[in-house]
Amino acid sequence: MHQVLSSTPEGIFTINVGPQHPATHGVLHLVITLNGETILKIEPHLGYIHRSIEKMCESLTYRQFIYVTSRMDYLSAHINNHACALCVEKGLQVEVPMRAQYIRVIMDELTRLASHELWWGAMAMDVGAFTPFFYAFRERETINEIMEETCGARLTMNYMVPGGVMADIHPQFQQKVKQFIAGYKNKIAEYNELVTGNVIFQNRMKGVGYLSTEDAISYGCSGPVARASGVACDVRKRYPYDVYAQVQFDEIIETAGDSFARYLVRIREMEQSVRIIEQLIDNIPEGDYQAKTKAVLKLPKGEFYQRVETARGELGVYIVSEGGTTPYRIKFRSPGFSNLSALNEMAKGGKIGDLVATMGTLDLVIPDIDR
Amino acid sequence: MLNTISFEAIKTAVQQWLNMHWGPHLAFIAECILIGLLVIVFFALLGLLLVFMERKVSAVMQIRLGPNRVGPKGWLQTSADTLKLMLKEGLTPDGADKFLFNLAPFLIMIAAMLIMVPIAFARNFQIWDINIGVLYISSIASISVIAILMAGWSSNNKYALLGAMRSGAQIISYELSAGVAVITMVMLTQSLSIQDIILSQQNGWWIFKGHIPAIIAFVIFMIAATAETNRAPFDLAEAESELTAGFHTEYSGMKFALFFLAEYINVFIVCAVAAILFFGGWMPFHIGNWEGFNHIMDYIPSSIWFLGKTFCLIFLIMWFRWTFPRLRIDQLLNLEWKYLLPISLANLLLMTIIVVLKWYL
C-alpha cells in the first residue's frame, strides 16, 4: 500500500510530536525515533514561537523593556519582571524601599502558586485525568483576581518597575490574600488525595524519566527539575534577593530523580510558598512603594547580571550597557531551555506514555524556551 | 398483568395486527423491518442521551455547569452537535486505503447493532432469545476490534496505527477475563440464554445470592468492560495527550461520529449485560419469599428496572473516566495477565465448587 508508515527493517520509525500536539502544551516539535512503543531518541525542534524578544529589548529603554519580558514565561510574568527590575536597579545602584520588596516577594510567591497550579492540572491531564485541571483552575482564578485588583491585569501584569512597584497595593489586598492562604492549605491536601495518592498515578510516575544528579548539573537544569535530582539550586536560598534572605522557608530537595520526585518537589514548593506569604503578608511595612528614580534611566557602562528563581527554575538576565538609555545587548538565561535539553536523557528507553509523564513534570512553557 | 401499557403488550398488539392483515411471511418481513428501524432510532436517541449524560456527569465532577444553552437546560446540545457533524465534510486522507477506511466506521456500528439482538429490554421484550445469548454477545463484541484495527491501519497515520495496535492488544486481553467472568455466572444459571438467566433471578439477584464469587466476577467484569470499550482509565487507544486521538485521528464528520456513537453504544451494551448477569436485567428487586414486598416491586415497570440498572452502571463507568489517570500500555497488560486473569480463573473454580455443592439459594 502506498508509502505507508516507512520504517527500517528492524521496525524503527519516527513520529513528529507537535508543533500541534496536546502533550506539548504549545508549539514544541519533538521528532521521536521509536521502536514499536519504545523511545530510542528525542530531538526537540525549537523556534516556532521565537519573537526576538532579546533583540526587541535592545531598542527599548530600561523602563520599557521589562514589559516585553512578561511574554517570555507568561506563567511567571511577575518573576520575569522582577528579575529585569533587579538587574536595572543593580546598574543604577538604587535602594528599593522595604514596602516594595515585601510586595514584590508576595507577588512572586503568588505567581509561583498560580504557575504550579496550572502545572498540576496540566500534569494530571497529561497522564489522563481530566478533572484535576478544573480544581486547579478554581484556585488559580482566585489568585488571578487578587492580581487583577492590584496590578490591573491577569496574565501579563507588568507591575514591577525599576525602583519598586508601579502602584501601591489595593486596600483589600492583604485581607484577600490572607483569606486565600487560609483556605489554600486544605486545597493542597485535596490535591494529594485526588492525584498524589492514586495508585495508577504513582505507577505512571515512579521510576519514569530518571535524571541523575550528574546529568542534571551537566545539562544545566534548574528549579524543581534539578532539585528532584538532588541538586540544591534554589536561587532564593543560595543567592537571596529582596527580602528572601529574611524569610524562613525550606529548599525542597528530593533525590529520586524520577517524575514522581519532580511532582513532589512542586507540590511541596506550593506549601513553602504559602509559608513565605504567611510570614510577609501581615508585616508589609509602611512607606514608599517606589524609590525616586530619574524619568530617563541610564545605566553606567558595564555588564550586569541578575538571577531569580521562577516557577520553572533559574532565570538569568544579562545586560550589557554602553551608557545609553537602551541596553546594548540583553541575554536571558531561561530555565525551560536547559530543562528541555535533558528530555532525551530522561525519556530514552521509555514508552510513549512515559514521555508525556516526563514532559509534564518538566513544566515547559514554550515561549520561555524560544523567547 | 400489572401493566396494561407495557412493552410486552405493545409488541403483542403489533404482532397480532400484522398477522391479522398480512400473511405470515409478509408479517415476518414487516416485523424485521420494524425492528431494524427501532434499533436505529433507539441508537440515535441513546447516543444523544449518553453523550449529554457524559457531559453533565463530567461537569458535576469538575465543578462546572456543562451544556446549558441550547434548548431547555441544554438538552438539545447533543442534537446540535450531531447536526454539525453531519454537515461537516468526511475527509479521506491521501494515501489511505479508501475502501477499508470508509468501511471501518460502519463495521463498528454494525457490530454494536448486532449485539442488541439478545438483550431483553423489558419482560418478554427481546428481539430474539437465542439459546446461546451470552456467547453470542461476547463473540460479536470481538468484531469491534477488527474495525478499530482496520481504521488504524487504513488511515496511513502512525498515531492511528499505534492507537489501533494498543487497542488490539488491550481488547483481546481483556476479553479473556470478561469472558471468564461471564462463564462464572453461566455456571450458576446453567444456561446461556438471556431469558433463562433473568428468570433464574426471580427470588433475588445473583449479586446478592451468588456469594463472594459473584461479587468478584462483577468487579472483574466491570473492569474488563471498561477496558473493552476503550474508556478511561483504559483509553490508551485514543490517549489524547499521547496519540492525539488514536485510531480515529484521521476521521472527521459523520464517520468520526459513528466511532464516537459506537463507543457510547458499547458502554450501554456492556452495562446492560452486567445488569442482566448480576442485577437480574428487567427483574424487579425481589427478596426470597416476601410476597408482599415482591408484589409492590412488581408495580414498577420492568423496562424501568432494566434501564435504571443499566444507567446506574453507566454512571459508574463515567465516574471511572472522570476520576482516574490513564494506565501505561505495559501496566495495562500486566494488570490483565498477572492479576485479573488468574483471579478470575480461581474465581471460576470457586464458583464451580459452590455450584457442585449446591451452596447457592
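User: Where does V117(B) lie?
Analyst: V117(B) sits in the loop between α4 (98–115) and β1 (120–122) of chain B. Helices (H or I, at least four residues) and strands (E, at least two) are DSSP runs, numbered from the N terminus. This is a predicted model, where local features need pLDDT of at least 70, side-chain atom pairs count only at pLDDT 80 or more, and totals for chains, interfaces and linings use all residues. Residues are numbered from 1 along each chain as its sequence is written, and chains are lettered from A and ligands numbered from 1 in the order in which they are written.

User: Why does V117(B) count as partly exposed?
Analyst: Because V117(B) has 18 C-beta neighbours inside 10 Å. Buried takes 20 or more other C-beta atoms within 10 Å, exposed 12 or fewer, and partly exposed is in between, with C-beta atoms placed from the backbone.

User: What is V117(B) in contact with, leaving aside neighbours within four places in sequence?
Analyst: I127(B), W128(B) and I130(B). Contact is C-beta atoms, placed from the backbone, within 7 Å.

User: New topic. Which residues have the most contacts inside the largest nonpolar core?
Analyst: F221(B), A224(B), C271(B) and A274(B), in a core of 205 residues. Helix α12 (residues 253–279) of chain B gives the most to this core, 20 residues. A nonpolar core joins buried Ala, Val, Leu, Ile, Met, Phe, Trp, Tyr and Cys residues through C-beta atoms within 7 Å.

User: And what does C271(B) touch?
Analyst: Not counting residues up to four places away in sequence, C271(B) touches T310(B), L313(B), I314(B) and I317(B).

User: How many residues does the contact take from chain A and chain B?
Analyst: 31 residues from chain A and 29 residues from chain B.

Technical notes:
Contact = placed C-beta atoms within 7 Å.
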